[in-house]
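Please look over the sequence and the 3D structure below. A short report follows, built around a few residues and how they sit together.

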Amino acid sequence: MRKHIWLEAILLIFPLLIIGQADTARYYKEIFSGVLETSQIFSSNVPQPKRGGGPYEFFTGLPLNVKEYDTQNVNLSMDIFEPDGDTAAIRPLVIECFGGGFIDGNRKYWSIRLICQSLARMGYVVASIDYRLGMNIFDQDLAARAVYRGVQDSRSAIRFFRADAANANTYRIDPNKVFIGGHSAGAFIALHNL
């Protein structure tokens, strides 16, 4: 039910923000039959907190007690979805963030992929992004750092498209029409980008 409401909100709001398009069905309906998908690293050597161990991690297998100041460098990737056969010179970008409470999930979750593919068939360029996982559930302030890391990573993805004209040109996106959304933890990330 929530996914349906969220998708309806996108369908009603995004087209109002895209002004001057000749094709009135574009951004409202799926007008492209295929989707092109590529993967791209958007941030390199980002410090990821290491797991801290303990009984909660042992029983769940999830990073619930990360060591905030003991890190290892990781690369963050995104999957980029474009409408196949689109001839538009410039298109809006939607960045999607997966859910999972900042302790689980990835950009390839089936639900996020379906949303990305649907939006791409409507004419948007869509990027499903990685963000660093792990939370320290034993300390309120350190738990908040999980959200902070996710926001940092999402802003890095936005900069990949907005700050580098070559990337904007490669994917034919309008750097002034970048939207971000997600569900669960991904929605937290999107809201904190305002």
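## Asp-79 and its partners

The side chains of Asp-79 and Ser-39 make a polar contact at 2.7 Å. (A polar contact is a pair of N or O atoms within 3.5 Å; within protein, one must be able to donate a hydrogen and the other to accept it, and residues adjacent in sequence count only if both atoms are side-chain atoms.) This is a predicted model: local features need pLDDT of at least 70, side-chain atom pairs count only at pLDDT 80 or more, and totals for chains, interfaces and linings use all residues. Residues are numbered from 1 along each chain as its sequence is written, and side-chain values use heavy atoms, with hydrogens and water left out.

Asp-79 sits in strand S2. Helices (H or I, at least four residues) and strands (E, at least two) are DSSP runs, numbered from the N terminus. Is Asp-79 buried or exposed? Asp-79 counts as buried because its relative accessibility is 0%. The cut-offs are these: buried means under 20% relative accessible area, exposed over 50%, and partly exposed in between (1.4 Å probe, protein chains only).

The side chain of Asp-79 also makes a polar contact with the side chain of Arg-107, at 3.1 Å. The two residues form a salt bridge as well, with their closest N and O atoms 3.1 Å apart. This pair links distant parts of the chain: Asp-79 is in strand S2, while Arg-107 is in the loop between S3 and H3, 28 residues apart. Both Asp-79 and Arg-107 are buried. Leaving aside neighbours within four places in sequence, Asp-79 is in contact (heavy atoms within 4.5 Å) with several residues, among them Glu-37, Lys-108, Arg-113 and Val-126.

## Salt bridges

A salt bridge is a side-chain nitrogen of Lys or Arg within 4 Å of a carboxyl oxygen of Asp or Glu. How many are found in the whole structure? The search finds 13. Two more pairs are listed here.

| Pair | Closest N to O |
|---|---|
| Glu-37 and Arg-113 | 2.8 Å |

Glu-37 is partly exposed, with a relative accessible area of 35%. Arg-113 is partly exposed too, at 21%.

## The whole fold and its core

The protein has six helices and five strands. From the N terminus on, the elements run α-β-α-β-β-α-β-α-α-β-α. Of the 194 residues, 46% are buried. Among contacts between residues at least 6 apart in sequence, 77% join residues at least 24 apart.

A nonpolar core is a set of buried Ala, Val, Leu, Ile, Met, Phe, Trp, Tyr and Cys residues joined through side-chain atoms within 4.5 Å. The largest one here has 43 residues. Those with the most contacts inside this core are Met-78, Phe-102, Ala-127, Ile-129, Tyr-131 and Phe-161. Several elements each supply at least two of its residues, including strand S1 (35-50), strand S2 (67-83) and helix H4 (140-162). The largest share, eight residues, comes from H4.

Take Phe-161. Not counting residues up to four places away in sequence, Phe-161 touches Met-78, Ile-80, Leu-93 and Ala-127, among others.

## Two positive phi values

Most residues other than glycine have a negative phi. Phe-102 has a positive one, near 65°. Phe-102 lies in the loop between S3 and H3. Phe-102 counts as buried because its relative accessibility is 5%. Asn-45 also has a positive phi, of about 55°, although it is not a glycine. Asn-45 is found in strand S1. Asn-45 counts as exposed because its relative accessibility is 55%.

## On the surface

The protein exposes about 10,100 Å², and carbon and sulfur atoms supply 56% of it. Accessible areas come from the Shrake-Rupley method with a 1.4 Å probe; for residues, only the protein chains shown count as cover. Tyr-56 is in helix H2 (residues 55-60). Tyr-56 is partly exposed, with a relative accessible area of 46%.
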